[in-house]
Amino acid sequence: MPDAVVIGAGPNGLVAANLLADAGWSVEVLEAQEEPGGAVRSDRALHPDYISDVFSAFYPLAAASPVLARLDLAAEGLQWSHAPAVLAHPLPDGRCAVLERRVEDTCAGLAAFADADGEAWLDLYRTWRRLGPDLVQALFTPFPPIRSGLRLAARLRAGGGLRLARKLALPVRRLGEEEFAGEGGRLLLAGNALHADLPPEAAGSGGFGWLMSMLGQSHGFPVPVGGAGALTAALVSRLRRRGGILRCGERVAAVLVWDGTAVGVRTVGGESVGARRAVLADTSATALYRDLVGEEHLPSRLVRDLERFHWDFATFKVDWALTAPVPWTAPEATRAGTVHLARGVDGLTRFAAQIAAGQVPDEPFTLFGQMTTADPSRSPAGTESAWAYTHLPQDIAADAGPDGITGRWDPREQQAMAERVEAQVERFAPGFRARIAARRILAPSTLEAMDENLHNGAINNGTTALHQQTVFRPTPGTGRPETPVKRLFLASAAAHPGGGVHGAPGANAARAALRLHRLPAVLHHAQRV
């Protein structure tokens, strides 16, 4: 019997398992899919000469994460690669806002939109350099982040605290209007906010857009050399070298609860796997509580709160093997790993408003990845391994476009939506379709079938909006990995601090489990003394 059972071999589950193994615990990880990684996987299924990242692809939060840094995954062979430029947002008139690797170059490019905008970006970056380390530490530790929070509060007071707090609480549209005279800086902030499900008019979207933009400026948007799966392979290798066990193709059907305490799990095959000390779940909150634990073991208030759990947007993704680089109208976009495609901030607002109304957007805001540009090992020289994704409503009420998409995602609807995404790319890169050698469509239902945590294609395990963060994540009054069931811990992005590949939810759960078993030993020692 292992000391701990971890349900799910996504990045958070693997981080949790590694930390427990580091503490000397025996650990067994059970993964429903036939391979580990969750939403951090790559393959050659599209074309044998092209490596495609199946889900996530760029990892600024991983680059900044103190959790992953302490695991020293370079010792397991993990290497990172960067595109010449971090991010580009071309406009229909040929101009292009570019987040460059060097802040001086970003500022020079934004000054072409308005003379003062280069200095405005530099001012935002100076704020990041002053606050960023403590802010990241506060984000990636259990809530409340006492030590890092106190340091951050002191720095905020020294730096005009209330005014800065107001700035970060602003909608990203308003923040862009206050900080920049031209469109370039506004586009970089607003596009980065919509990496999550935060519309330009949402409170707090300014802070998130600033966070992602500054992470890109300071750490870039790096990719693992050889594909996203290399990050998973490094985590698995490290775990196995420390004696951890990983079993794939083992779906957990239930958490075994005895007298209010988690004592193990049962698989769909009927096998019971006991856990001496803890069960950690890298699953969605709804799957853990409703499906694996059962409402009979939960407080009625939590059961009611789950009815109000708010998923983030659905996601539709297309992968391509391209015979040549993308023919962008704006040449600056050829150097960027990530390209945002929308007709300005107004286009982003229109896109988000259609989703809010339950409509499939007719001109979808498209996040485009140029993976060979970021990592030349992804496809033959002179070609491009590329993908794009866009967001959709969780519940589709209507189609703002002409195709009558309903969310059934039969072959006709998948084809229609893929062509809509390609039409958006063609607006900024005429001739793009002529360079497609192969295409793979990943509809919301497909994404969920490949990773059950991606509920209908929701990539963040719940909304990033303020009403479901910190003490409200996943439900009001939680905010920590502990659950109402003793020795059961939520170790997924459904827990604080939420989505992104950084390992913090898994690390927080592992530390909570270790702390639980360390305290009785400390008390026993104190009694003997």
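**The second largest pocket**

Sixteen residues line the second largest pocket, and Asp197, His310, Phe313, Ile355 and Ala356 are those that lie nearest its centre. The structure is a predicted model. The volume of this pocket is about 250 Å³. Sorted by class, its lining comprises ten nonpolar residues, together with three polar and three charged ones.

**Helix α1**

Helix α1 covers residues 11-22.

The buried positions are Pro11, Asn12, Gly13, Leu14, Val15, Ala16, Ala17, Asn18, Leu19, Leu20 and Ala21. Following α1 is Gly24, which has a positive phi near 95°.

**Cysteines and disulfides**

A disulfide is a covalent bond that joins the sulfur atoms of two cysteines. Zero disulfides are found when the whole structure is searched. Cys96 takes part in no disulfide, and the cysteine sulfur nearest to it, that of Cys107, is 16 Å away. For a disulfide, the two sulfur atoms would have to be within 2.5 Å.

Two cysteines can also be described by their accessibility. Cys96 is buried because its relative accessible area is 9%, under the 20% cut-off. Cys248, with a relative accessible area of 27%, is partly exposed, since this class lies between 20% and 50%.

Methods
Residues numbered from 1 in each chain as written. Predicted model: local features only at pLDDT ≥ 70, side-chain atom pairs only at ≥ 80, totals over all residues. Heavy atoms only, no water. 1 Å grid on protein atoms, 1.4 Å probe; cavity = no way out; pocket = protein on both sides within 12 Å on 5 of 7 lines; lining within 4 Å. Points joined across faces, edges and corners; volume = space filled by probe spheres on them. Nonpolar A, V, L, I, M, F, W, Y, C, P; charged D, E, K, R; others polar. Helix = DSSP H or I, 4+ residues; strand = E, 2+ residues; numbered from the N terminus. Expected span 1.5 Å × (residues − 1). Buried < 20%, exposed > 50% of the residue type's maximum accessible area, 1.4 Å probe, protein only.
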